Amino acid sequence: MAQGSAQGATSGWLFRRTGRLLGGISLLLTGFAAFSVGCGGRPTAVDDGRTLVVCTTGPVGDLVRSIAGDHARVEVLMGPGVDPHLYREQPADIDLLSRADVIFYNGLHLEGRMGDTLAKLGRRKPVHAVAEVLERQFPDRLLTPPDFAGHADPHVWHDVALWAECVPAVADQLAEADPDNADAYRKAAESYRLELEALDRECRDQLASVPAESRVLVTAHDAFAYFSKAYGLEAVGLKGISTEDEVDLKHMDEVIRLVVDRKVPCVFVESAVAPQIMEALAEPCRDAGHDVYVPNREEQQLYADALGKAGSGAESYVGMIRANVRTIVAGLTGTLAEQQEPAAP
């Protein structure tokens, strides 16, 4: 490396370190004032000199990690089973966010309770909403449910082709934060986009096996509207866009009648929502003469707002989509109930 380039790289590294330290001190003071509790829960990651990228949700983190590879250190705030609609940052999150070189979040009000913190961070460092590019370039592909106060549905990652549209912008934003690895980010982004395009075709092929009369996807909340639009299903949620919404009893009665009248074979439990809400739906259906199946095993859940835990097969975005498609196809073709728990040895 030429001396000038080396000095430039060293200066850039020192600048990032110094900026990270100053930003950390400032935000930590804010964090301590806001929460008045000590740090805990999240171990402090060692600074290994790579660009530190902090992401809010699992799908966002996996997207960024698939592009960044080993060139950046990617940390995710919300783990398996964590509901982003309800999540509030913890003191350890404030520490991590304050040290980040760049932050990615989903946007479209998914992380509603983190809005103020992300806005404050955005005044001192790069903070990017992954879905922002969809608002700019593909507004006609966003869904705006009437009960979401004029905002777009944030669950865009469930439409694989739509999620793939976010890939180039994330690569550009990583390249801007870490110019030395810009070429690697853009090359990985192109490869990942092709992988997602193949995954989209795979979803269409798998879901084509569901009979037309059974293509009704009943879930705990309205997280699968993009999925259903993309792959030809009818989405019905008991709650609205946010899991924070209350179940409307009149709407509950309408869903029960729909399930009974159309003989929907299965309603689906979500990994981040208590299953009792779906069990409460099934009982009156059975009283009306229709035995609808409610999945009662962890591996039969849908991953609506979070990735699965390690070893579940749904710990990556691609794995999560495949797991959801597999469960939905089995549920709507009536075979999910036949997948019994293995006998104890």
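1. Leu-52 has Arg-73 of strand S2 as its bridge partner. Strand S1 covers residues 51-55 and runs parallel to S2, joined to it by 5 bridges. Two strands count as paired if DSSP finds at least two bridges between them. This is a predicted model: local features need pLDDT of at least 70, side-chain atom pairs count only at pLDDT 80 or more, and totals for chains, interfaces and linings use all residues. Residues are numbered from 1 along each chain as its sequence is written, and side-chain values use heavy atoms, with hydrogens and water left out.

2. The sheet is open, has 4 strands in the order S2-S1-S3-S4, and its pairing is parallel. Strand S2 (72-76) and strand S4 (127-129) are the edges, each pairing on one side only. From one strand to the next, the twist averages 20°. Helix H2 (residues 58-68) packs on the sheet and touches S1, S2 and strand S3 (102-105). Contact here means heavy atoms within 4.5 Å. The direction of helix H2 makes about 170° with that of S2. Axes are lines fitted to C-alpha atoms, for helices over the stretch in contact; angles run from 0 to 180 degrees between N-to-C directions.

3. In total, the protein chain has 12 helices and 6 strands. Both are DSSP runs, numbered from the N terminus: helices are H or I with at least four residues, strands E with at least two. Of the 345 residues, 50% are buried. Buried means under 20% relative accessible area, exposed over 50%, and partly exposed in between (1.4 Å probe, protein chains only).

4. There are 15 salt bridges, each a side-chain nitrogen of Lys or Arg within 4 Å of a carboxyl oxygen of Asp or Glu. Asp-48 and Arg-73 form one of them, at 3.6 Å, N to O. Asp-48 sits in the loop between helix H1 (3-35) and S1, and Arg-73 in strand S2, so the pair ties together parts 25 residues apart in sequence. Asp-48 is partly exposed at 41% relative accessibility; Arg-73 is buried at 8%. A network of salt bridges links Asp-48, Arg-50, Arg-73 and Glu-75.

5. Arg-322 and Glu-202 also meet in a salt bridge, at 2.8 Å, N to O. Arg-322 lies in helix H12 (residues 317-332) and Glu-202 in helix H8 (residues 182-207), so this pair links distant parts of the chain, 120 residues apart. Arg-322 is partly exposed at 38% relative accessible area, and Glu-202 is partly exposed at 28%.
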